[in-house]
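Me: I am new to this structure. Please take a close look at a single part of it, and walk me through what packs against what.

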Amino acid sequence: MEKFDRDLRSLQQARDLARAGAQAAKEFSTYTEEQVDLILKNMVRVAEANKVMLAEMAHKETGYGNVYDKTFKNHLASTLLYNEIKDEKTQGIISEDPVNKVVTVAAPIGLIMGITPSTNPTSTIIAKAILAMKTRNAIVFAPHPKAINCCVKAAELMAIAAEEAGAPKGVIGCVTIPSMEASNWLMHCDEVKLILATGGPGMVKAAYSSGTP
């Protein structure tokens, strides 16, 4: 009975996060690249300030890796990733091919689902959150149950940093009561337009089989 009640709460939470994320995505799609860059810079600042703490949480909770490597991965997923993508255009016309008469226009897709592993939990949260914000998409995370605490903390820090810099409330969400039911529902729901899957073969296969890109 207790598990049944927990699964129901997990499923309801996933539904609430998806609705909030879809609404935030609509608002976020109107932001300028200048507004987005302010949000990204604050997220990177917060990730850097907490990279050691998140590494310690991830190592203690999962037993994987070591704090030094996980700290560097958090740095890689924030500062180094931002430096790599900061000048990329993600709005309007991004390329033109006059020979083939093809114009490529960048536009947000909406709400993304981020599936995160137990092996590199916090760095995956940070990187996917930054990529979602860079492209003016909302994201909802479904963390691995064995890394739930450090993932929730990382997602919370990224959400607060984004909202402090002007992002819509709910643009970064995270399931705090993990269950297969919640993950499966998110993979198939209408609100989620894209899945970024990182994890074991079972979860990745389920994501590929969901029908959601």
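Reply: Start with how directions are compared. Axes are lines fitted to C-alpha atoms, for helices over the stretch in contact, and angles run from 0 to 180 degrees between N-to-C directions. Helices (H or I, at least four residues) and strands (E, at least two) are DSSP runs, numbered from the N terminus.

This is a predicted model, where local features need pLDDT of at least 70 and side-chain atom pairs count only at pLDDT 80 or more, while totals for chains, interfaces and linings use all residues. Residues are numbered from 1 along each chain as its sequence is written, and side-chain values use heavy atoms, with hydrogens and water left out.

Now the pair α3 and α6. Their axes are 8 Å apart, and the two helices pack at an angle of about 160°. That makes α3 roughly antiparallel to α6. The cut-offs are these: under 35 degrees is roughly parallel, over 145 roughly antiparallel, 65 to 115 roughly perpendicular, and the rest oblique. The crossing of α3 and α6 is left-handed. Left-handed means that the near helix is turned anticlockwise from the far one by less than a right angle; clockwise gives right-handed.

Which residues touch? From α3 come Met-53, Leu-54, Met-57, Ala-58 and Glu-61. From α6 come Ile-148, Asn-149, Cys-150, Lys-153, Ala-154 and Leu-157. Contact means heavy atoms within 4.5 Å. By class, this contact of α3 with α6 holds 8 nonpolar, 1 polar and 2 charged residues. Ala, Val, Leu, Ile, Met, Phe, Trp, Tyr, Cys and Pro count as nonpolar; Asp, Glu, Lys and Arg count as charged; the others, Gly among them, count as polar.

α3 also meets α4. The axes of α3 (residues 51–62) and α4 (residues 67–85) come within 8 Å and cross at roughly 130°. α3 and α4 are therefore oblique to each other. This crossing of α3 and α4 is right-handed. On the α3 side the contact uses Lys-51, Val-52, Leu-54, Ala-55, Glu-56, Ala-58 and His-59. On the α4 side it uses Val-67, Lys-70, Thr-71, Asn-74 and His-75. The contact of α3 with α4 counts 5 nonpolar, 4 polar and 3 charged residues.

Next, the sheet. It is open, has 4 strands in the order β5-β4-β3-β6, and its pairing is parallel. Two strands pair if DSSP finds at least two bridges between them. β5 (172–174) and β6 (192–197) stand at the edges with a single partner strand each, so one side of each has no neighbour in the sheet. On average, neighbouring strands of this sheet are turned by 20° against each other, direction ignored. Strand β3 (residues 111–115) is joined to β6 by 5 bridges, and the two run parallel. Ile-115 has Ala-197 as its bridge partner in β6.

Helix α6 returns here. α6 (residues 148–164) packs on the sheet and touches β4 (138–142) and β5. The direction of α6 makes about 160° with that of β5. Another helix, α7 (residues 180–188), lies across β3, β4 and β6 and runs at about 145° to β3.

Zoom in on one residue of β5, Cys-174. Cys-174 is buried, with a relative accessible area of 11%. Buried means under 20% relative accessible area, exposed over 50%, and partly exposed in between (1.4 Å probe, protein chains only). What does Cys-174 touch, leaving aside its neighbours within four places in sequence? Its contacts are Gln-13, Leu-17, Val-140, Phe-141, Pro-143, Cys-151, Val-152 and Ala-155. The C-alpha atom of Cys-174 is separated by 11 Å from that of Asp-16, 158 residues apart along the chain.

Now Asp-7, found in helix α1 (residues 2–28). Asp-7 has 13% relative accessibility and counts as buried. Beyond its neighbours within four places in sequence, Asp-7 contacts Ser-179 and Glu-181.

Arg-136 sits in the loop between α5 (121–134) and β4. Arg-136 is not a glycine, yet its phi is positive, about 60°. Is Arg-136 buried or exposed? Arg-136 is buried, with a relative accessible area of 6%.
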